[in-house]
Amino acid sequence: MESLAPLRALTFSFPSQNALQAKTIQKNARISTYCSPFRSQSIDSTSAAAKSEYKPGIFDDFILAWFRSKMVEEVGWDSEKPGYDGLMEVVNRLMIKGKTNRETEQAAVRVLRSLFPPLLLELFQILIAPIGRGKVAAMMVARVTALSCQWLMGPCTVNSVELPGGSACSSGVFIERCKYLEESKCVGICINTCKQPTQFNFGVHPPPLAEDKALSEPCLEICPNATRRRELGRNDEVMQCPKV
């Protein structure tokens, strides 16, 4: 699958109530990141009032519109709803359009790559990524992400990530509460349109799908699929998200 390695040199971390936690390791003197799941409190409808709100500005509105336009080009359909709600409907359509999870991941990568000018990613990988064995690129991407993606993920800040051996690198992005996950209400959408398309490390492949525990996460309690299974009397606690 075509990758976004030049822009993936960071690790995302979440508080305990979210579904995915990212950890950073150092292997062969290279920064590497991977996502690992942990069982957590499920997000339910009563948590809406407790969400940390980020008030988007003009720049955020522009990025949202730009991102949505590229998503619409990929999907070939647009929602009548404005703003973030409409974007979520387009993302759901992207999931439906993909015949397999791999197709959805590839479509998400195409969308992400289309956001950048031609050759920018390649130049970044050639000129910036090798500096400091990837650390400079990692820190740069973390800061750009924290500055430009709060409209998508919610409030987030750059944090220092402890590496094996006692060293540290300010290449983490701490997300207070992932708006993208909460608004999509689907672990499958989170994994197939965010985690899988963007996980990486410089020169080292992500964990094999068969060994990635994040792919066995069950539905959130507010997920329509989980609601349907409860109505049918099934045990949602042990059932994997059908979109993963």
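This is a predicted model: local features need pLDDT of at least 70, side-chain atom pairs count only at pLDDT 80 or more; totals for chains, interfaces and linings use all residues.
Biologist: Nice to know! How many helices and strands does the protein have?

Modeller: Helices (H or I, at least four residues) and strands (E, at least two) are DSSP runs, numbered from the N terminus. Along the sequence they follow the pattern β-β-β-α-α-α-α-α-α-β-β-α-α-α. The protein comes to nine helices and five strands.

Biologist: What share of the residues is buried?

Modeller: Buried means under 20% relative accessible area, exposed over 50%, and partly exposed in between, with a 1.4 Å probe and protein chains only. The protein has 244 residues, and the buried share of them is 45%.

Biologist: Let's look at some rings. Are the rings of Tyr84 and Trp151 stacked or edge-to-face?

Modeller: Rings of Phe, Tyr and Trp (its six-membered ring) pair if their centres lie within 6.5 Å; planes under 30 degrees apart count as stacked, over 60 as edge-to-face and the rest as tilted. The structure holds two aromatic pairs. The centres of Tyr84 and Trp151 are 6.5 Å apart and their planes stand at 75°, so the pair is edge-to-face.

Biologist: How many residues apart in sequence are the parts that this pair ties together?

Modeller: Ring pairs link Phe67, Tyr84 and Trp151 into a cluster. Tyr84 is buried at 9% relative accessibility, and Trp151 is buried at 5%. Tyr84 belongs to helix α2 (residues 83–97) and Trp151 to helix α6 (residues 150–153), so the parts tied together are 67 residues apart.

Biologist: Which residue has its charged end over the ring of Tyr84?

Modeller: A charge sits over a ring if NZ of Lys or CZ of Arg is within 6 Å of the ring centre and within 35 degrees of the ring normal. Elsewhere, Arg93 lies over the face of Trp77, 3.9 Å from the ring centre. Over Tyr84, at 4.0 Å from the ring centre, sits the charged end of Lys179.

Biologist: What is the phi of Arg133?

Modeller: Most residues other than glycine have a negative phi. Arg133 lies in the loop between α4 and α5 (135–148) and is exposed at 58% relative accessibility. Although Arg133 is not a glycine, its phi is positive, at about 55°.

Biologist: And where is Lys185, with its positive phi?

Modeller: Lys185 has a phi near 60° and is not a glycine. Lys185 is partly exposed, with a relative accessible area of 33%. Its place is the loop between α7 (179–184) and α8 (187–198).

Biologist: Is Glu74 buried or exposed, and which residues does it touch?

Modeller: Glu74 lies in helix α1 (residues 58–75), and at 18% relative accessibility Glu74 counts as buried. Contact means heavy atoms within 4.5 Å. Not counting residues up to four places away in sequence, Glu74 touches Leu94, Lys97, Ala107, Arg110 and Val111.

How values were computed: Residues are numbered from 1 along each chain as its sequence is written. Side-chain values use heavy atoms; hydrogens and water are left out.
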